[in-house]
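User: I'm new to reading protein models and would like to know what the terms rest on. Could we go through this one together?

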Number of protein chains: 2
Amino acid sequence: MNQSQAELIAALSRIVGDDKVKADAESLFTFGKDWTKVYEPHPSAIVFPSSIGQVQDVVRYANAHQVALVPSGGRTGLSGGAVASNGEVVVAFDRMNKILDFDPTDRQVVCQAGVVTEQLQNFAEEKQLFYPVDFASSGSSQLGGNAATNAGGIKVIKYGLTRDWVVGMKVVTGSGELLDLNKGLIKNATGYDLRHLFIGSEGTLGFIVELTMKLATPPKDPTVLVLAVEKMEDAMNVLQTFQARLPLMAFEFFSEKALRHVIHEKGLQRPCETAGDFYALIEFENVSEQGMEQAMEAFEHCVEQGWALDGTISQNSTQARDLWRLREDISETISRFTPYKNDISVKVSKVPAFVREVDEIVNRQYPDFEIIWFGHIGDGNVHLNILKPDTLDKAIFFEQCHRVSYDIFACVKRYGGSISAEHGVGLLKKPFLSYSRDDSEVAIMKALKNVFDPNKVMNPGKIFD
Amino acid sequence: MNQSQAELIAALSRIVGDDKVKADAESLFTFGKDWTKVYEPHPSAIVFPSSIGQVQDVVRYANAHQVALVPSGGRTGLSGGAVASNGEVVVAFDRMNKILDFDPTDRQVVCQAGVVTEQLQNFAEEKQLFYPVDFASSGSSQLGGNAATNAGGIKVIKYGLTRDWVVGMKVVTGSGELLDLNKGLIKNATGYDLRHLFIGSEGTLGFIVELTMKLATPPKDPTVLVLAVEKMEDAMNVLQTFQARLPLMAFEFFSEKALRHVIHEKGLQRPCETAGDFYALIEFENVSEQGMEQAMEAFEHCVEQGWALDGTISQNSTQARDLWRLREDISETISRFTPYKNDISVKVSKVPAFVREVDEIVNRQYPDFEIIWFGHIGDGNVHLNILKPDTLDKAIFFEQCHRVSYDIFACVKRYGGSISAEHGVGLLKKPFLSYSRDDSEVAIMKALKNVFDPNKVMNPGKIFD
């Protein structure tokens with residue numbers, strides 16, 4: 001450990017306590033990265049503050065000594081937003097993981113930034129309420145990180161994104177100022193809503209240290225259908241048919257290729273006899289007696305129109321959970337093929353044409369690559385996964401995928417889509433930001449960052465340079 | 001007309017056309033103000049652009065010649081946000097009032113900023129869809145203004161505010177740049193969401209020139225109850241009781257005093273025999289057969305608990321509409337008493353204590369003032385209306401109300417509330433902004449404005465100086 005690092009650690013220890021600063025190899029490796037596997041972690045220290053005051057002191061120290069800071073939550077990010085690869089100090093919120101307050105009339109929970117998503121979901125359940133933002137990493141992702149990336153997930157068509165559930169937020173800006181934003185108010189028309197600027201800012205403006213989250217009424221009897229469809233266009237008609245008749249909670253899709261992998265790997269049953277190129281997974285709230293009738297009616301209509309080939313519907317919560325596995329286990333199933341992931345979105349109506357075009361782009365350049373499609377078709381968010389051929393070297397594979405990404409993102413741009421629907425920009429998507437945001441927008445973002453973080457201590461090099 | 005004004009009008013005419021610039025006394029008076037009656041309009045000209053390009057040219061001209069611009073939509077604002085009292089040029093969006101595009105799969109409508117709220121509501125209805133943000137001024141308010149103030153209204157507990165329905169937005173910044181924000185995407189995690197910064201910015205950052213609005217599924221059989229309650233605390237228990245059993249669309253309240261005025265003025269029936277100090281108006285979506293049962297069950301529970309004294313429920317849409325009039329006609333009814341309005345909010349749970357305290361503050365200082373309470377208790381937004389005694393001079397009355405406002409807003413601050421729940425800050429609430437936003441927040445707001453509007457041409461003097 002060199003002298004300056006020793007000084008750094010001594011200074012940080014004075015703020016948070018000796019045992020709350022880590023610089024051993026294992027800690028540096030563990031806390032220096034997120035789920036993005038592309039980057040080598042090289043932080044100079046990991047600090048574990050236990051209070052807002054300590055976070056402010058760390059930021060003030062960083063400003064005084066030009067130390068770069070990287071926020072670290074559940075480290076489940078997939079764009080490298082929480083990677084520290086340039087000797088930054090990682091500020092981990094694992095110790096700020098308490099639920100501080102709850103009011104049943106307001107249906108609001110005050111949480112420290114390090115509260116894990118599942119922890120809030122369970123707390124809500126104890127109170128006969130519901131926290132609806134849910135995704136694969138709910139068991140480890142922290143609320144601060146969810147807000148910093150505006151996490152979405154699988155129930156967005158009914159419940160929206162993390163942004164829609166944050167009614168109050170305390171942040172420490174890049175200059176160490178504590179801002180108490182919106183204070184849990186539903187209506188507050190008193191100037192610019194800085195809360196919404198921090199949501200999705202990926203730690204580049206400051207640290208989110210506390211959140212007031214809104215809770216919902218639990219859904220009644222969520223029921224799941226899986227329909228086999230011949231082509232994506234049909235899935236669109238299926239969406240409209242069900243949307244007009246039932247309160248939809250989710251409208252997901254996956255390809256036959258994805259289904260084969262997940263069935264093989266997890267030993268699951270096919271949802272229905274007839275196979276389609278794609279499958280739509282529909283979840284709706286079964287609020288009335290006619291719920292089931294309406295669902296069957298919608299299904300029959302889709303079959304008559306030739307939009308659906310076959311399908312199945314859950315009769316109880318166990319069957320519903322099993323059907324969900326067909327969709328939710330895909331990501332884990334294909335992970336052993338070291339997939340190159342792209343999390344992209346277009347307007348819902350443009351999904352079919354977009355998917356076809358991207359398919360062609362990849363097939364043309366790399367006919368031996370297997371493409372796995374799945375995602376949240378109901379909100380236009382599709383996950384493109386390119387699987388590495390066993391024979392191909394990993395480095396070469398990623399390099400080829402990176403290259404084809406330029407063509408994919410050029411297509412995203414033509415469709416007016418987003419190069420990162422819910423994973424954020426971080427480091428991984430930074431080279432492609434211009435495909436979704438104009439230069440004028442990026443210039444404004446940089447100027448805005450400068451307002452909150454004039455000395456550029458907050459997560460430098462993330463989103464933009 | 002002095003020389004410089006002649007030049008100004010000539011220059012503006014070159015941009016939008018001779019007949020699209022108005023400087024006659026009547027136009028200056030009409031377009032120089034909003035519904036706020038406190039300020040004298042003194043614009044130097046009114047310009048009616050018909051395209052985004054023309055708006056950009058006007059802004060560029062304003063930058064080159066230090067001309068202040070004031071955006072003007074439906075001019076239904078109640079905080080003077082659209083008042084031009086210092087020789088500003090008013091940019092009115094009345095000619096940019098077209099619905100440009102619609103997609104049934106996306107359920108999105110592309111609207112020019114001058115589209116009237118009701119126009120969008122009717123369009124949605126034609127498409128068997130629903131635009132849920134609704135308020136008294138829907139007949140004249142324009143979408144651009146709704147977004148600039150994040151308009152809320154009467155169905156916020158189910159549908160949220162204007163912010164929640166804007167999926168895309170084109171804006172012309174104070175430096176004349178056109179930004180195409182979010183492009184109708186549901187998921188888009190590509191850096192700072194500038195759209196949310198413009199929503200609620202009251203025209204101080206730039207002009208909102210086009211909006212892409214999301215539409216909803218129409219509600220099923222909205223049913224209305226009105227319950228008489230003895231005190232506000234009871235209304236809170238009523239809220240929780242109904243919230244747990246039924247999908248609520250609205251939870252409004254008004255005082256017995258307000259009811260008396262509206263019944264007298266409009267010749268309406270009392271909702272129920274027994275009178276209370278307050279009334280709760282509850283609207284729920286009657287989605288299932290048990291809807292009515294559950295509502296009666298909840299009502300009986302409230303009566304048993306002593307939370308409700310009496311009540312009535314609508315049996316059809318006509319009865320529902322009539323019950324709504326008891327709440328919605330209040331504002332118009334009391335207008336002849338030249339009320340001094342305050343639009344304030346606190347957390348829902350704090351409403352009862354807050355209302356009592358404010359009541360005491362006003363009564364102590366001005367025992368002869370009649371106070372009329374009504375509002376959206378379900379979202380913590382209460383409208384305080386102080387009626388002018390016939391004998392009292394208007395100027396003196398407003399001066400006294402202004403003075404007592406400092407104590408009211410000090411109370412708002414103690415409760416962590418908002419000095420403007422949904423009316424914005426504009427000019428009227430500017431002196432009180434510090435009661436809701438810290439100095440550090442205001443300093444940041446000013447720095448943010450400087451990023452978008454470096455020459456301060458956009459609505460100067462609004463929100464802050």
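**How two chains meet**

Analyst: Gladly! Between chain B and chain A the rule finds 34 residue pairs in polar contact across the interface (both at pLDDT 80 or more). This is a predicted model, in which local features need pLDDT of at least 70, side-chain atom pairs count only at pLDDT 80 or more, and totals for chains, interfaces and linings use all residues. Residues are numbered from 1 along each chain as its sequence is written, chains are lettered from A and ligands numbered from 1 in the order in which they are written, and side-chain values use heavy atoms, with hydrogens and water left out.

User: What makes a pair a polar contact?

Analyst: A pair of N or O atoms must lie within 3.5 Å; within protein, one must be able to donate a hydrogen and the other to accept it, and residues adjacent in sequence count only if both atoms are side-chain atoms.

User: Why is the meeting of D379(A) and K187(B) called a salt bridge?

Analyst: The term asks for a side-chain nitrogen of Lys or Arg within 4 Å of a carboxyl oxygen of Asp or Glu. Here the N to O distance is 3.3 Å, so the pair D379(A) and K187(B) qualifies. Across the interface of chain B and chain A, the rule finds 6 salt bridges.

User: How many residues does each chain bring to the contact?

Analyst: Chain B brings 78 residues and chain A brings 78 residues, where contact means heavy atoms within 4.5 Å.

User: How do you know what area chain B and chain A bury?

Analyst: Buried area is the accessible area (1.4 Å probe) that two parts lose on being put together, summed over both. For chain B and chain A that comes to about 6200 Å², with 56% of it on carbon and sulfur atoms. K187(B), T190(B) and Y192(B) supply 16% of the area that chain B buries against chain A, more than any other three residues.

User: What rotation superposes chain B on chain A?

Analyst: A rotation of 180° does it, with 0.0 Å of shift along its axis and an RMSD of 0.0 Å; the copies are superposed by least squares on the C-alpha atoms of residues with pLDDT of at least 70 in both. That is the relation of a two-fold axis. S288(B) comes closest to the rotation axis among the residues of chain B, at 2.5 Å (C-alpha).
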